[in-house]
Amino acid sequence: MIRVRVHVSLKKSVFDPQGRTIHEALGGLGYAAVSDVRAGKFFDLAMEGDDAAAAKAQAEEMARRVLSNPVIEGFTVEVL
Amino acid sequence: MKVAVLVFPGSNSDHDAYHAVKHVCGHEARFVWHKDGSLGDAEAVIVPGGFSYGDYLRSGAIARFAPVMAAVAEFAKKGGPVLGICNGFQILQEAGLLPGAMLRNRSVKFLSQQVHVRVERADTAATAGLAPGTVLSMPIAHGEGNFHAEADELDRLEQCGQVVFRYVGRDGGLGADAANPNGSARAIAGVCNEGRNVVGLMPHPERAAEPHLHHGAEGRRLLEAFLGSAVHA
């Protein structure tokens with residue numbers, strides 16, 4: 001069993017209303033050191049087999065086709 | 001005119017669209033379940049609003065892989081008229097049949113309110129016969145309607161005449177921030193594909209099709225334009 005984690009977040013060039021709102025809330029609580037917040041999500045995939053490279057390649061394909069929308073989002077894939 | 005109204009788990013404007021097409025505009029309407037691989041003899045397709053698959057992952061992201069969407073893509077490729085409303089618009093974007101993508105509303109709030117949109121193009125399947133500049137009052141109800149595309153893509157859409165509707169003030173003018181409820185790039189409320197037969201918009205024309213309902217009846221003009229264009233397709 002191979003565990004692969006896919007992180008998806010909005011591209012840097014895309015305004016993140018959720019991140020902005022969280023940033024403002026943190027500022028309101030006094031966390032003045034926070035200069036920016038970007039929100040995102042992650043998916044932990046439990047995959048059959050023992051070929052980590054193949055699992056990672058497949059996860060990248062899934063991230064491209066399904067888990068992210070390339071118009072607005074980017075992703076990273078890591079084998080845990 | 002035979003109109004297929006798609007139904008996904010979580011669609012909630014399917015019956016509104018069916019009612020408006022059949023009982024208000026007087027055309028034939030038929031529900032098509034998302035697992036159906038065929039649209040039958042439909043001459044036009046409406047992808048209705050709602051929360052298909054609970055909006056899990058992203059709005060429209062799961063619905064786009066439903067078997068019926070392959071039939072819609074084929075239908076659209078042949079030039080068949082397709083109208084995506086709200087979540088239906090998002091599904092068509094996810095399917096790659098319409099440009100752009102939706103971000104969370106600028107306010108990060110779900111918005112349910114009446115808006116004004118201006119018809120920018122009369123040469124699409126949903127606006128044939130409506131004069132550019134026509135202002136229509138319709139309701140919106142969405143959390144993710146903040147239209148986004150990269151700047152060069154926005155320029156391309158404008159040049160190719162694919163921006164079909166914009167949020168405007170009651171007088172039809174741009175500028176007032178309040179007129180652009182969700183922060184959409186260039187106040188875009190609706191777009192079409194290059195073939196001009198697939199059109200998507202966030203406001204709900206089917207909920208503004210009868211004068212005795214408080215959303216008014218201006219959306220009916222858009223529906224009639226769509227149903228009329230299907231006749232001539």
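**Note on a two-chain model**

1. Leu57(B) is partly exposed, with a relative accessible area of 21%; buried means under 20%, exposed over 50%, and partly exposed in between (1.4 Å probe, protein chains only). Although Leu57(B) is not a glycine, its phi is positive, about 70°. Leu57(B) sits in the loop between strand S3 (44-47) and helix H2 (67-77) of chain B. Helices (H or I, at least four residues) and strands (E, at least two) are DSSP runs, numbered from the N terminus.

2. This is a predicted model, in which local features need pLDDT of at least 70 and side-chain atom pairs count only at pLDDT 80 or more, while totals for chains, interfaces and linings use all residues. Residues are numbered from 1 along each chain as its sequence is written, chains are lettered from A and ligands numbered from 1 in the order in which they are written, and side-chain values use heavy atoms, with hydrogens and water left out.

3. Arg186(B) also is not a glycine and has a positive phi, about 50°. Its place is the loop between strands S9 (163-168) and S10 (188-192) of chain B. Arg186(B) is partly exposed, at 36% relative accessible area.

4. Where the chains meet, 18 residues of chain A are in contact (heavy atoms within 4.5 Å) with 16 residues of chain B. There is one salt bridge between chain A and chain B, and a salt bridge is a side-chain nitrogen of Lys or Arg within 4 Å of a carboxyl oxygen of Asp or Glu. The side chains of Glu73(A) and Arg58(B) form a salt bridge at 3.8 Å, N to O. On chain A, the elements giving two or more residues to the side that touches chain B are H1, strand S2 (40-47) and helix H2 (52-67).
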